[in-house]
Amino acid sequence: MQLGGYANHLAHIDLTKGTVAYSPIARDLARKYIGGRGLGVKFVFDNGPQVEALSPDNLLCFMNGPVTGSPVSMSGRLAVVTKSPLTGTVTDSHMGGFAAARLRWAGFDGLLVKGRAAAPTYLVAENGTVTLHDASGIWGLGVRATVRALREKHGKDASVLAIGPAGERLVRFAAWMNEDDRASGRGGTGAVGGAKNLKAIVIIGDRKSQPKPADARKAEFDAAQKTGLKAIMEGGLTAPNKGGLSVYGTNVLTNILNEAGAFPSFNGRQSHFEKGYEISGEAFKEHLVVKEPVCHACPVACKKELEVKEGRWKVRTESMEYETAWSLGAMCGLSDREPMAYMLDQCNDYGLDTIEMGVTLAMVMEASELKLTDEVVNWGDAEKMSALIRATAYREGLGDTLALGAYGAAVKLGNPDIAMSVKGQAIPAYDPRGVQGIGLGYATSNRGGCHVRGYTIASEIAGIPFATDRTVTEGKASLLKIFQDLFAFTDSMDVCKFATFSEGAGEFAAQVAALTGMAITPEEAMKIGERIYNLERYYNNQNGFSGKDDVLPKRFLTLPATGNSAGMVSQLPVMLKEYYELRGWVDGVVTEAKLKELEII
Amino acid sequence: MKIKLFANLRAHAKDGLVHLTLPSGAAVSDALAHLFDRIPALAEHVVDPGTGELLPYVNIMLRGRLIRDLEGLQTKVDDSDELAIFPPIAGG
C-alpha cells in the first residue's frame with residue numbers, strides 16, 4: 001500500500017557526473033525516520049560518517065517531511081541535512097517560507113546532492129524531474145540578485161534556494177537562503193553547496209499537488225488538522241494578533257531574558273544588557289517594523305519585516321529575530337537598531353548565519369581588547385561591524401579568519417576560550433548561567449551550540465508545557481530529553497518549532513498517522529525522536545565526539561553571571577551525569593545495547 | 001516600588017513604568033491590587049476576574065525570579081523591589 005503524504009520520490013543528483021536518478025522511499029525507513037531531519041540524517045549516516053564536509057563525497061540533502069505542504073498547520077519547513085564544515089558533526093538546518101511546500105508540490109520528498117560540478121551549476125526541480133543548468137552567469141551574485149535572475153527566467157512563482165558570496169567562498173557558517181529571506185543558517189550548509197559548485201535550486205510547484213490523505217482517512221485527517229489548528233489559534237502563546245509571538249515576533253523574548261539576567265552581552269562577560277529594551281521586539285515594532293509576512297499554512301505570522309527609510313543604514317529586510325537582535329546587538333554591545341537592520345540585510349544577501357556572525361564579531365572585539373588582533377575592533381562599533389561582515393563573506397583581510405566562525409577564528413587568534421561556542425558552533429541567546437537546563441541542551445546538542453535541539457526555555461521561562469525553575473538543576477536532564485526527542489520527531493514531519501507551543505506529541509502523531517496511514521502513537525513518536533537523536537549521536541561518535549565535547553565555554557562555568565542572575569554559574573556536570581544515565585550513554589557515547597534497542601543497528 | 005510592563009501591557013503606562021508605594025509586609029497580590037486601582041484596564045490582561053489568579057502564561061518576575069518559583073502571589077515585596085509583568089510571550 002502506498003503511504004499517504006509522501007511524494008514517494010527522491011532525486012539523487014550526482015554533480016560530478018551530471019546525472020540524476022530517482023528512487024521511492026523505502027517504507028521501513030519512512031516508518032523509522034519519518035522524513036525531513038530524521039530521514040536526512042539516515043541518508044547522511046549511510047553515506048559514511050568519515051566523509052570530509054567540503055569534499056565532493058559529502059551528501060547534501062534538501063528534505064521535506066510527510067506533512068510538508070499539506071494543510072497541517074505550520075508545515076512549511078525545509079530541512080538541509082549534511083555533514084557540517086563548521087563542527088564536523090552531522091547537522092540539519094531548517095528554513096521557513098514556501099520553498100518546502102513547493103518542493104513537495106513539485107513532486108519530491110527530497111533532493112540528495114553529491115559530487116562537485118565542473119562549473120557553477122543550478123538545479124530546477126519541477127514535475128518530479130530535476131535538471132541541471134549552467135550557473136556561471138549568476139555565480140558571484142548576492143542572494144537577492146540570484147533570486148531575481150532565476151525568477152525572471154523560471155517564473156515569479158518559483159521558489160529559489162541560493163547561496164551568496166559567503167557560500168561560494170566556503171565561509172564555514174554560510175547559509176542556504178530562499179526568496180523570502182528565510183535561512184537554513186546554522187552549521188555551514190551553504191559552504192557545502194559552494195564546495196559542490198551548486199549555486200541555487202529553483203523549485204516550481206503548484207498547490208494543486210498538495211498532499212492529501214487516502215479517501216478512507218479523509219475524515220480522520222480533517223479532524224487531526226482541525227484539532228491542531230484550533231490549538232494554535234486558541235493557544236495563549238501562538239494566538240494570531242494576540243500572543244506575544246504573533247504581535248512582536250520572536251524578539252519579544254529579549255526583555256524577559258534580560259530581566260532574568262540570562263541575556264549574554266559583551267561576548268558573555270555579562271548576562272544583562274543595560275540597553276536591552278532598545279533592541280527588543282517592542283522597540284523594533286514601534287520604530288522599524290513595516291510588514292508581517294507568513295510561512296506556508298501558518299496563522300501566527302511571527303516574521304517582522306523592517307524598513308529604515310533613509311540615511312546611512314537605509315534598508316528593507318526581514319526578519320529581526322530574537323537571536324539576530326542578540327548576536328548583532330547585546331553580544332557586540334550595540335543598541336542602535338538601524339545599523340542592526342542593515343547588518344541583518346548584509347547577512348541575508350551574503351548568505352551568512354546571523355547567530356555565528358554576531359558571536360564571531362563579539363569574539364573579535366574581545367580579542368582586540370586582548371591585543372590579539374592587529375586591527376582595532378571596538379565594542380558596538382557599527383561601521384566596523386558592517387565592514388567586517390562584508391570582509392567575512394568575501395574572505396578579505398581579518399574577514400578571512402572570521403570566516404572560520406567564532407571558535408575557529410579564536411583558535412587562530414590564539415585564545416579559544418573567548419569563543420562562546422560548543423563543538424565549534426556559536427551558542428544562541430540564552431545564558432546558561434541564568435537558565436540551567438538550556439546549558440545542558442547546548443552541551444549535548446548533536447549539531448553544536450543550539451537552542452532548538454531541546455528548547456527547555458519553553459518550560460524554564462514561558463512555563464510550557466509545565467513550569468520549571470530556571471535556577472535549579474533537578475529534573476532538567478529528563479526535561480531536556482523530552483524536548484530533544486519531541487523536536488527530532490517534529491523536525492522530521494517537518495513542522496515549525498512554534499507549533500510545539502500549543503500542540504504536543506498526541507496532535508503531531510495524529511496528523512502523521514492520518515495523512516500517511518502509518519499507525520503512529522504519541523509514544524511511538526517520542527521513540528522515533530529518540531532513535532533519530534541517537535543516530536545523530538552515533539554518527540558523531542564515529543567522528544571522535546564523546547563526553548569530552550559535551551561541554552560549555554569555560555566562562556559559563558567559572559565567571560559569575562550579572563544582572564538578576566548575579567553570582568550564578570552553570571552547574572553542567574551535575575546535569576550531564578543524570579542526562580547520560582537517562583540516555584543510556586557512556587561518557588557521551590551511544591552503547592551497542594541502545595543502538596539495538598532503538599533498532600538503529 | 002517600581003513595576004515594569006512589557007509587550008502590549010506597556011501601552012497602559014508612560015514608558016511602561018508605574019511607581020507604587022506599598023505598606024510594609026505587602027505581597028505581590030497587594031502590589032497588583034494597587035496597580036489595578038491605578039490602571040483598571042490592566043487587570044483583564046493579568047488576572048482571572050473570578051479567581052484572582054494569574055492568567056495562563058502571564059509571568060511576573062521579582063528581581064528577575066519568576067514568582068511562580070517563589071511564593072506566587074503571596075511572595076513578599078518591599079518598596080525597593082522591582083516587579084516585571086509579561087503577557088504570554090514565546091519565541092526562539
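This is a predicted model: local features need pLDDT of at least 70, side-chain atom pairs count only at pLDDT 80 or more; totals for chains, interfaces and linings use all residues.
- Between the C-alpha atoms of Ala467(A) and Gly137(A), which are 330 residues apart along the chain, the separation is 54 Å.

**Backbone features**

- Most residues other than glycine have a negative phi, and most peptide bonds are trans.
- A cis peptide bond, with omega about 5°, joins Met493(A) and Asp494(A), and Asp494(A) lies in the loop between α19 and α20 (505–516) of chain A.
- Asp181(A), in the loop between β10 (176–177) and β11 (183–184) of chain A, has a positive phi of about 65° although it is not a glycine, and Asp181(A) counts as buried because it has 23 C-beta neighbours inside 10 Å.
- Asn241(A), found in the loop between α7 (218–234) and α8 of chain A, has a positive phi of about 60° although it is not a glycine, and Asn241(A) counts as exposed because it has 10 C-beta neighbours inside 10 Å.

**Contacts between the chains**

- Chain A brings 32 residues into contact with 20 residues of chain B, and the elements that give two or more residues to this side of chain A are α8 (244–248), α9 (253–259) and α18 (457–462).
- Sorted by class, the side of chain A that touches chain B has 16 nonpolar, 12 polar and 4 charged residues.

**Domains of chain A**

- Chain A is divided into domain 1 (10–209), domain 2 (243–426) and domain 3 (436–597), and the C-alpha centres of domain 1 and domain 3 of chain A lie 26 Å apart.
- In chain A, 38 residues of domain 1 are in contact with 29 residues of domain 3, and the largest share of the domain 1 side, 7 residues, comes from α2(A).
- The residues on that side of domain 1 of chain A divide into 13 nonpolar, 18 polar and 7 charged.

**The nonpolar core**

- The largest nonpolar core has 221 residues, of which Leu111(A), Ala200(A), Ile201(A), Leu352(A) and Met363(A) touch the most other members.
- Leaving aside neighbours within four places in sequence, Ile201(A) is in contact with residues including Phe62(A), Leu111(A) and Leu161(A).

How values were computed: Residues are numbered from 1 along each chain as its sequence is written. Chains are lettered from A and ligands numbered from 1 in the order in which they are written. Two residues are in contact if their C-beta atoms, placed from the backbone, lie within 7 Å. Helices (H or I, at least four residues) and strands (E, at least two) are DSSP runs, numbered from the N terminus. Ala, Val, Leu, Ile, Met, Phe, Trp, Tyr, Cys and Pro count as nonpolar, Asp, Glu, Lys and Arg as charged, and the others, Gly among them, as polar. Domain bounds come from an automatic or database domain assignment. A nonpolar core is a set of buried Ala, Val, Leu, Ile, Met, Phe, Trp, Tyr and Cys residues joined through C-beta atoms within 7 Å. A residue is buried if 20 or more other C-beta atoms lie within 10 Å of its own, exposed if 12 or fewer, and partly exposed in between; C-beta atoms are placed from the backbone.
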